[in-house]
Amino acid sequence: AAAEKGGYDTFMAKEIHEQPQAVADTLRGRIDESGQIVLDEVRMSDQDFRDIDKVFIVACGTSYHAGLVTKYAIEHWTRIPCEVELASEFRYRDPVLDRSTLVVAISQSGETMDTLMAVRHAKDQKARVLSISNTVGSTIPRESDAVLYTRAGIEVAVASTKAFLTQLAACYLVGLHLAQVRGIKYADEVSAILDELVAAPGKIAKVIENLDPVREMARECAANGDRVLFIGRHVGYPVALEGALKLKELAYLHAEGFAAGELKHGPISLIETGTPVIAIVPSPRGRSLLHDKIISNIQEVKARGARVIAVCEEGDKITAVHADHVIETPASPTLLAPLLTAVPLQEFAAELATALGRDIDQPRNLAKSVTVE
Ligand code: G6P
C-alpha cells in the first residue's frame, strides 16, 4: 500500500501533488492549432450549440462547487444565462427545460445516482446534455449528447482534490467552446484565457511548493478545537464552500462557507474572539472593486475578534496589512483563480484532520461514489 501511495502518507496527499499533471493532462490536445476547443464525444451539431439559450449545471458535492465556479465563466464569456443546481433537487421542482436548454452534468465517477436522474429528467424534457466526467464509458457520459473527459487518473481518497481541479479546467474549456461556436464576443479575452489556462499547471505546482505555512495554521486550529468559517466573493465564494466541505468531510469539524457580502445578514453573529476566518481574496488588479469589498469584510470580522487567514495574490500588500496571516498564490485572471486558491484549502483540511487523528482517505460515513438517490 505504501508503494501505491507513491511515498506519501495518504492517497489524498499524493493526489494533491498530482494536480499540476492532472490539469495539464486534461488540457492536452483539447485546444487545436487554430485555438478551437475540441470535445471528446459530440452527438449534437454546431447549430444545436448556437440554439442554446439557457444552461443548467447539475452536480453533487465537490462537483457542484466546480459547477458554481463555471456559472461565472459561462455567463461572462457567452452571455447565456446559467443556473447551477444540486442534482438531487433538480428534477423535483419542475425546471423549465426544452430543446434549447443545455444541461451540463459534472460527475467524477459518472455514476452518481442523483446526477444521473437529473440527466434523465433533462433528456425526457428534450434538453441537450453535456457531461464532464473522469470515468470513460460510465453511465452519465454514455447517456449524454456531448462529453468532455477530465484526465485526473484514478482518485482513491474519498475527498476529491485532483478531480475537482480537472473539473474546473474542463469546465473552462466547455465555457470557451460555447463562446466559440456561438461567435466569440471577447475574442482577445478568450485567447488570453487560453494562454493562462495552459500556464495554470505551473502555477498550481508553485502553490503546492509553498504549503508549509498552511499546515502550520491548520495545526494551530486543530489545537484550539476551532470551528472555521470561510468567506469569498465572486468565484471565491464557491472556493469558500469547497474549503468548508473539505474540512467537514475530513476533520468532522463544523465549517461553513459564506458569500462575504452576506455575513452582515446573519452569519457574522458566529464570530467570537479567535474564531478563524479564511478569506479568499481576489486579485487586487483589474477588478479592484471586488478586492475593496472583501477587505472591508475582513475588517468587519476582525473588529469582532476573528483571526483572519487570507488566501491572496502574491504581493497583495493591502491584504497583508489587514489579515493576520496570508497565504499567497501566483497572479491569475479572476475567473481562473480557483485553480490556485482551492489548493491551500485542501491541504489545510488534510493537515487539520491529520492533527485530530482522522482517517484522511476514508472518512467516516462517506463513500467515493454514491449510487443511490
Ligand atoms: C460523493 C463523494 C464526493 C463527490 C460527490 C459527487 O459524495 O464523496 O467527493 O463530490 O459524491 O461525486 P461525482 O462522482 O458525481 O463527482
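Figure 1. I231 has F258 of β8 as its bridge partner. Strand β7 (residues 228–232) and strand β8 (residues 255–259) run parallel and share five bridges; two strands count as paired if DSSP finds at least two bridges between them. Helices (H or I, at least four residues) and strands (E, at least two) are DSSP runs, numbered from the N terminus. The model is predicted: local features need pLDDT of at least 70 and side-chain atom pairs count only at pLDDT 80 or more, whereas totals for chains, interfaces and linings use all residues. Residue numbers start from 1 along each chain as its sequence is written.

**Figure 2. The five-stranded open sheet.** The strand order is β8-β7-β9-β10-β11, with parallel pairing. β8 and β11 (325–329) are the edge strands, each pairing on one side only. On average, neighbouring strands of this sheet are turned by 20° against each other, direction ignored. Within the sheet, strand β9 (residues 276–280) and strand β10 (residues 307–313) pair in the parallel sense over five bridges, and V277 stands opposite V308 in β10.

Figure 3. Strands β9 and β10 pair in the parallel sense. Helix α10 (residues 212–224) packs on this sheet and touches β7, β9, β10 and β11; contact requires C-beta atoms, placed from the backbone, within 7 Å. The direction of α10 makes about 145° with that of β11. Axes are lines fitted to C-alpha atoms, for helices over the stretch in contact, and angles run from 0 to 180 degrees between N-to-C directions. Helix α14 (residues 338–355) also packs on the sheet, touching β9, β10 and β11, and its direction makes about 135° with that of β11.

**Figure 4. The six-stranded open sheet.** Its order is β1-β6-β5-β4-β2-β3, and the pairing is mixed. The edge strands, β1 (41–42) and β3 (82–86), each pair on one side only. Strand β2 (residues 54–59) pairs with strand β4 (residues 101–107) in the parallel sense over six bridges; F56 has V103 in β4 as its bridge partner. Helix α4 packs on the sheet, in contact with β2, β3 and β4, and its direction makes about 165° with that of β2. Helix α6 (residues 113–124) packs there as well, touching β2, β4 and β5 (128–133), with its direction at about 165° to that of β4.

**Figure 5. The shell around the ligand.** The ligand is surrounded by 16 residues, the closest being G61, S107, Q108, S109 and T112; a residue is near a molecule if its C-beta atom, placed from the backbone, lies within 6 Å of it. Helix α4 (residues 61–78) supplies the largest share of this shell, three residues. The shell has five nonpolar, ten polar and one charged residues, where Ala, Val, Leu, Ile, Met, Phe, Trp, Tyr, Cys and Pro count as nonpolar, Asp, Glu, Lys and Arg as charged, and the others, Gly among them, as polar.

Terms used. Two residues are in contact if their C-beta atoms, placed from the backbone, lie within 7 Å.
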